[in-house]
Amino acid sequence: MFRLYSWYNMIRYQPFTFKLDVYTTRSFMSRGFTEYIPSSLAGGQNNVEVQQSPGALASSAWNTRGWTVQEFLAPNFVLFYQRDWSLYLDDRSPNHKDSLIIMQKMADVAGIDTQALIAFRPGMRFAREKLQWVSAHVTTCQEDIAYSLFGIFGVNLPAIYGEKKQKALGRLLQEVVAQSGDISALDWVGQSSEFNSCLPADIASYKAPPYTVSSLSEDDIQASISSLRHEVAADVVLKLYTLLGNLSAPRFGNCRLHLPCIAFRVTAVKRNRAQDQKIYEVKADGLLDLLITTEDKLIQFSSPRPTMQTFLLVRPWNRHLLELPDFTEPSGLAELPEIAGDRESEEGCWSALGSPSQQSSGGFPEAQESVDSELSGRALRLAARLRQPFGAFLLAQQHGGEYKIIASDHDIFAQVKDLSSISDMVKTLEIS
């Protein structure tokens, strides 16, 4: 399937042609037409006709076919023709990928950035965004919804027709996570896959935009750092930064995900009887209380009535929060010195911790002399971001010791209550 993408991409000197199969509607323009762009090869036809309207292209069959995304992104040269083989919008340029008007129309209906439409390069970056591109697309063969993405991600996997949709999509996503360490593909809402509970059963689970925390301004970060100096010991922040920096990348193989994360133990689950939906009130160590909506029937328990099964609310670890120059560069965290526990040393250490641009005006403890000021600043900036709300997974431990995700019908939002307790919760979990 990657070879098919490469074949499209090698068409560098002959334009890849799409024929617009349309009605003539003079009520809109003298050369009006119904906007429809089928996924046909040069000289081919696809006789699907759509009435012209402002949203005609968006609702056309072309915009829901799985293979059309790859067919359009891969070629370097593209020409669009109307039903009578006149050029689309009478644009006579040698390459319609150079037409800002045509590319903007395509971007509006496909939900793909214009720059990606014009100069796309296959690869693992922005995995979640690419999955959203095809989340509303369908294919005749159910496995093709995954196979049509092989070239977009640049993976070379065998097509095994008959394996069913969930396994085909699971193999693709497993490869993306295994090769790139990118866990954005785990951000979805819907039903879990039989391949692995961390993955969705259907590509449509990526339709909703990914959960994003509102970015902190530099002023907000500095205000949070100022607060942290009075709330959390300096050695706690440095220890947390060290632990998270030393976590390995996510590993995915044999249908099992080894996920680096911060895991908060659930201490109580109670059904909210006032709601028609299955909404549960959940308490967890180190987190503010939260609500979870799921079709699964959760075991209700509390401290006076504990359960034998372990439940966790998990924050998948995103290494980019370390603000390292590059993912593959060594973190340099293993040699952080021990920090004295007395109050005087702690205050001296805090005076050195801040943004990289800040200079310490006070004394600097001897134990901290070798600590790089930029690294110290990143540690506090990380702590500030960890206090922000985040998207969480709810996990249930299985008999073999591994965990499974309990799928939620809505994003689960959690927020840290006690930053000082997080260091004991940093771990890597095996999820099946």
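What share of the contacts in the protein chain with a separation of 6 or more comes from residues 24 or more positions apart? It is 66%. Keep in mind that this is a predicted model.

Some overall numbers next. The protein chain has 432 residues, and 50% of them count as buried. Its secondary structure comes to twelve helices and eleven strands. The chain exposes about 21,200 Å², with 49% of that supplied by carbon and sulfur atoms.

Now strand 8, residues 390-397. Six of its eight residues are buried, so the rest of the structure largely encloses strand 8. Which strands does it pair with? Start with strand 7, residues 311-316: four bridges join it to strand 8, and the two run antiparallel. Here Leu313 stands opposite Leu394 of strand 8. Then strand 10, residues 412-414: three bridges to strand 8, antiparallel. Phe390 has Ala414 in strand 10 as its bridge partner. Then strand 9, residues 403-405: three bridges to strand 8, antiparallel. Leu395 is bridged to Ile405 in strand 9.

Strands 8 and 9 form a hairpin, with five residues between them. Look at Gly401 in that turn: its phi is positive, about 95 degrees.

On to helix 12, residues 373-386. Is helix 12 mostly covered or mostly open? Mostly covered: eleven of the 14 residues are buried. Among them are Leu375, Gly377, Leu380 and Leu386. Two arginines are on the buried list too, Arg378 and Arg381.

Note on methods. Residues are numbered from 1 along each chain as its sequence is written. This is a predicted model: local features need pLDDT of at least 70, side-chain atom pairs count only at pLDDT 80 or more; totals for chains, interfaces and linings use all residues. Side-chain values use heavy atoms; hydrogens and water are left out. Buried means under 20% relative accessible area, exposed over 50%, partly exposed in between (1.4 Å probe, protein chains only). Contact means heavy atoms within 4.5 Å. Accessible areas come from the Shrake-Rupley method with a 1.4 Å probe; for residues, only the protein chains shown count as cover. Two strands pair if DSSP finds at least two bridges between them.
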